[in-house]
Amino acid sequence: MANQTASYVLLALCLLVLVARHAEGRQPRLVPAIFVFGDSTVDVGNNNFLGGTRKEGRANFPQYGVDFPTSKPTGRFSNGFNTADRLGRTVRSQMFKGLNFASAGSGLGDHTGRSVVGEVIPMTQQVESFATVVKHMYQSSGSRRTASLLSKSIFFISTGSNDMFEYSFSRSNDRKFLASLVAAYKDYLKALYHLGARKFSIVSIPPLGCTPSQRLRRLEQMGTQGCFGPLNDLSLRSYPLLAAMMEELAHELPGMAYSLGDAFTMVSFVFANPQTPDWSFTELEAACCGEGPFGASGCNQTVPLCGNRDSYLFWDANHPTQAVSTIAAETLFAGNPTFVNPINVLQLTKL
């Protein structure tokens, strides 16, 4: 594990140097960099470098990446770009400078995901890797320049869904679970703050019960179709707790600012409005890549692939299509208070 962690940090440092050089002479940008933490919703292939990750925790095989510019799998759990990609390009114009520490299958708990996908990079390790990067930045660029860059950058986090998925199979005390989830989130945010982060873009947990995998779960357990209610209930209840914690933390930590995206409301809005001038979804329940009920069998090179990916809400059993990720990024960036509070990411960049 130590060698793998060292390789992971080395890769991150190489990426930092690469993107910094590539940025020279580029268009003006809203922030100097974006740093990404979380799970498969924002992983860009970090799990490909882990030796102990099972296939469930990787997306480095066809049909993944079919709509990526290279039309090849990259490790993203998408047919193309994910929300972190889209948001990064928006705040950095055409140039994405920064680092991505996210790991598919990971969560706020240190053991989340390991029983399902094997080796993951939990949030604890993601933050530790970032701390190592910061140390090298101080050594190479000096404390003043590094502190300035970090304080102006966006720290984008999307996590917690895997913790909730796992808990839902052995529910005991919902209130205690949700409180511990938010408490863990708070600890990681404070750790990042003390490493220099000041501007946070956070995505809350979406209606997980409406993913193809959970629709199949309801069909198998209850014999009826629809979203899996108990999981959606947990998702919905988590948002006000997260929002209250963020507001409290912003008052506690001088200079901290944040934008909290309400993913539950975002997705619910698309369910209620599948056809608008900005998008047209004709399939809201089944996965584009997969077979069997709701296409929830899993995405691989042997299963059917839908023709018009932009008309599907879900790419595979648990993840959105590139079209949905684009809508999410646009909403996080410039959305109104119905979806992002207390400000959107565009407003956050101007602080």
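Is Phe68 buried or exposed? Phe68 is buried, with a relative accessible area of 13%; buried means under 20%, exposed over 50% and partly exposed in between, using a 1.4 Å probe and protein chains only. Keep in mind that this is a predicted model, where local features need pLDDT of at least 70, side-chain atom pairs count only at pLDDT 80 or more, and totals for chains, interfaces and linings use all residues. Residues are numbered from 1 along each chain as its sequence is written, and side-chain values use heavy atoms, leaving out hydrogens and water.

**The overall build**

- You'll find twelve helices and eight strands in the chain; these are DSSP runs numbered from the N terminus, with helices (H or I) at least four residues and strands (E) at least two.
- The chain is as compact as a globular protein of its length, because its radius of gyration is 19 Å, close to the 20 Å from the globule rule for 351 residues. That radius is taken over C-alpha atoms, and the rule is 2.2 Å times the number of residues to the power 0.38.
- Along the principal axes, the C-alpha atoms fill a box of roughly 60 × 45 × 45 Å.

- Of the 351 residues in the chain, 55% are buried.
- Take the contacts (heavy atoms within 4.5 Å) with a separation of 6 or more: 71% of them join residues 24 or more positions apart.

**Aromatic rings**

- The whole structure holds 15 aromatic pairs. Rings of Phe, Tyr and Trp (its six-membered ring) pair if their centres lie within 6.5 Å; planes under 30 degrees apart are stacked, over 60 edge-to-face, and the rest tilted.
- Phe35 and Phe155 make a stacked pair, 5.0 Å centre to centre with 20 degrees between the planes. Phe35 sits in strand β1 (residues 34-38) and Phe155 in strand β3 (residues 154-158), so the pair ties together parts 120 residues apart in sequence.
- Phe35 is buried at 0% relative accessibility, and Phe155 is buried with a relative accessible area of 0%.
- Back to Phe68: with Phe81 it forms a tilted pair, 4.8 Å centre to centre and 50 degrees between the planes. Phe81 is buried too, with a relative accessible area of 8%.
- One aromatic cluster brings together Phe35, Phe37, Phe101, Phe130, Phe155 and Phe200.
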